[in-house]
Amino acid sequence: MLRSTAAAGLVTPFLTACVTSGSDAARPSATGEKNAQNPLGVPAGAGLEVVIFKGGYGDDYARNAETIYTQRYPGAKVDHKGIQKVGEALQPRFVADTPPDVVDNTGAGRLDLATLVGAKKLTDLSDLLDAPSLTDPAVKVRDTLLPGVVDDGTFDGSPQTLNYTYTVWGLWYSKPLFAQHGWAYPATWDAMLTLCEEIRKAGPAPWTYQGKYPEYINDPLLSMAARTGGTDLVKAVDNLQPGAWEDDALREVAEAFAELAGKGHIMARSEAVSHTEAQAAWCQGKAAFIPCGSWLESEQKGVAPAGFDMVMGTVPARTSSDKLKVTALQAASSESFLVPARAKTPRGGLEYLRILFSKGAAATFAEQASTLPAVKGATDGLKVSSGLGSVRDAVAAAGTEVFTYRFRTWYAPLAKAVDDATGELVNRRATPAEWADRVQKAADALAKDSTVKKYTR
C-alpha cells in the first residue's frame with residue numbers, strides 16, 4: 001500500500017473529463033490581510049472543506065490540525081470528510097470546478113496527479129513553502145521538511161503537492177537475534193557475505209524477500225548502485241540516458257546479488273511467496289534479513305512476536321570508493337496533500353497545510369501512526385518503537401545524502417521490466433550481463449516511444 005501511495009497516481013476516466021472541462025476561470029476567493037499572525041492572507045470567517053483519505057493512518061491527525069485551525073481563526077467552520085475512494089468522490093467536483101479546499105490524495109483510487117497538473121487544477125505551493133513555519137517564524141516551511149520532500153511534489157519546476165510521510169528503504173533484522181548470536185550488522189558487502197556464512201551455520205537462512213513482488217529486492221540492489229555511482233547515476237537512469245543500465249556501478253551490484261543467490265544465501269522458495277508470507281517467515285526466525293520500506297514495523301503488528309524488536313539498517317557498501325557514504329539512504333515522501341486551484345478558500349487550504357506540517361502536529365501524527373512524518377525533528381523527545389527509532393536515526397545519520405529513483409513513478413513499463421529482470425537474476429536464471437542488457441533494452445524502447453511523455457530531473 002505505501003509503495004503505491006508514493007507513486008504519481010492512477011490514470012482514470014477523469015483524464016479526459018478534466019482536460020476538456022471547458023472552464024479555466026478560478027472560482028472567486030477572497031484574500032485576507034496578511035500580517036505576522038496571518039502570513040498567507042486567510043480571509044476572516046471563511047470556511048474550510050478538508051477531504052482526507054481515511055486509510056491505515058486514520059484521520060484523527062487531520063482533525064487535530066483542524067482544531068488548531070479553528071483556534072487560530074475562530075470564525076471559520078471546518079467541513080471534514082474522511083473517505084477512502086478519493087478519486088471516485090472528487091473527480092466530478094474537479095470537472096465542475098467545485099473542489100474542496102484541501103485534499104489528501106492517497107489510496108488505490110486516488111486522482112491522477114499528472115492530469116491535475118496538466119489541466120492546471122492545482123495551486124502552486126510556493127507561497128506556503130516560503131511562508132514562516134508555525135513552529136519557528138524565523139524558518140520557512142520549506143526548510144522544516146526532510147530532504148527530497150519538496151522535489152517529490154514538484155512538476156516542471158512548480159511545487160504542486162506536499163507529502164506528509166517519509167518512507168525509507170533498507171534491510172531489516174531482529175536486534176535481539178543478532179545480540180544473541182553476537183552478530184554485527186555489516187557495513188560492507190564482503191562483510192555481509194561473511195556474516196551470511198555464520199548465519200547459515202546457526203540455522204536460519206541469511207535472506208528472504210517478498211518473491212512474488214521482486215521490486216522489494218530491487219530496492220537494496222538500486223540503493224547499493226546509487227552509493228557506488230552517486231546521484232549522477234540515479235539521474236541517468238531516470239532520464240533514460242543511453243547505456244545508463246550498463247554502467248559499471250549497476251553491473252557490479254548485479255554481480256553482488258548474483259553472488260548472494262549463487263552462494264545459497266536466499267531462503268529456498270522465496271520466489272514463490274507473497275510479501276505477507278515472506279515477512280511472517282522472517283518474524284518466525286526463518287531468515288535473518290529482509291528488504292523492505294519503513295512501513296514494515298506497522299505492517300507486522302500482531303505478527304512479530306513480543307521482544308522481536310525489529311530495526312532497519314542501511315544497505316552495505318559495495319566498494320571502498322563509493323561516491324556516497326554508507327549512511328546514504330534511499331527515501332521518498334508519500335501521503336500527498338494538495339490545494340485545488342478552484343477551491344473556495346485556497347489561502348485557507350495553504351494555511352491548513354502550514355499547520356499540518358508544523359512540528360507539533362507532525363509529532364501527534366507520529367505518535368498516533370508510528371510512522372515518520374516528513375517534518376524535521378517531529379519525533380524528537382518522543383518514546384518510539386525500535387523500528388521507528390532506527391528509521392529516525394538512519395535519516396539523521398544520512399543528512400543530505402538522501403536519494404530516490406523516479407523511473408518507477410514515471411514509467412510503469414520500465415519498472416516492471418526491472419522487477420522481472422531482477423527476479424530472474426536472484427533466482428539464477430539470468431546473468432548480471434543479461435540482466436543489464438534486458439533492462440537497457442526496455443529503457444531504450446521507452447526512450448524512443450514518442451507516445452510516452454518524458455520527464456527529466
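The expected span of a helix is 1.5 Å times one less than its number of residues. Helices (H or I, at least four residues) and strands (E, at least two) are DSSP runs, numbered from the N terminus. The model is predicted: local features need pLDDT of at least 70, side-chain atom pairs count only at pLDDT 80 or more, and totals for chains, interfaces and linings use all residues. Residues are numbered from 1 along each chain as its sequence is written, and side-chain values use heavy atoms, with hydrogens and water left out.

Helix H20 covers residues 432-448. Its 17 residues should span 24 Å, and the end C-alpha atoms are 24 Å apart, which agrees. Pro432, Trp435, Ala436, Val439, Gln440, Ala443 and Leu446 of H20 are buried (under 20% relative accessible area, with exposed over 50% and partly exposed in between; 1.4 Å probe, protein chains only). They cover an arc of only 120 degrees around the axis, so they lie on the same side of H20. The arc is that of the directions from the helix axis to the C-beta atoms. An α-helix has 3.6 residues a turn, so residues three or four places apart point the same way. Ala433, Lys441 and Lys448 are exposed on the other side of H20.

The whole structure was searched for cavities, and 2 of 30 Å³ or more were found. A cavity is a set of points, on a 1 Å grid over the protein atoms alone, where a 1.4 Å probe fits but cannot get out; lining residues have an atom within 4 Å of a point. Grid points are joined across faces, edges and corners, and a volume is the space filled by probe spheres set on the points. The largest cavity has a volume of about 60 Å³. Its lining includes Trp172, Trp295, Glu297 and Thr371. Helix H17 (residues 386-398) supplies the largest share of this lining, 3 residues. By class, the lining has 5 nonpolar, 4 polar and 1 charged residues (Ala, Val, Leu, Ile, Met, Phe, Trp, Tyr, Cys and Pro count as nonpolar, Asp, Glu, Lys and Arg as charged, and the others, Gly among them, as polar).

The search for disulfides (cysteine sulfur pairs within 2.5 Å) returned 0. The cysteine sulfur closest to that of cysteine 283 is in cysteine 292, 10 Å away and therefore too far for a bond. Cysteine 283 is buried at 4% relative accessible area, and cysteine 292 is buried at 2%.

Glycine 107 sits in the loop between strand S3 (102-105) and helix H5 (113-118). Glycine 107 is buried, with a relative accessible area of 2%. Glutamine 84 is 23 residues from glycine 107 in sequence, and their C-alpha atoms are 7.0 Å apart.

Definitions and conventions
1 Å grid on protein atoms, 1.4 Å probe; cavity = no way out; pocket = protein on both sides within 12 Å on 5 of 7 lines; lining within 4 Å.
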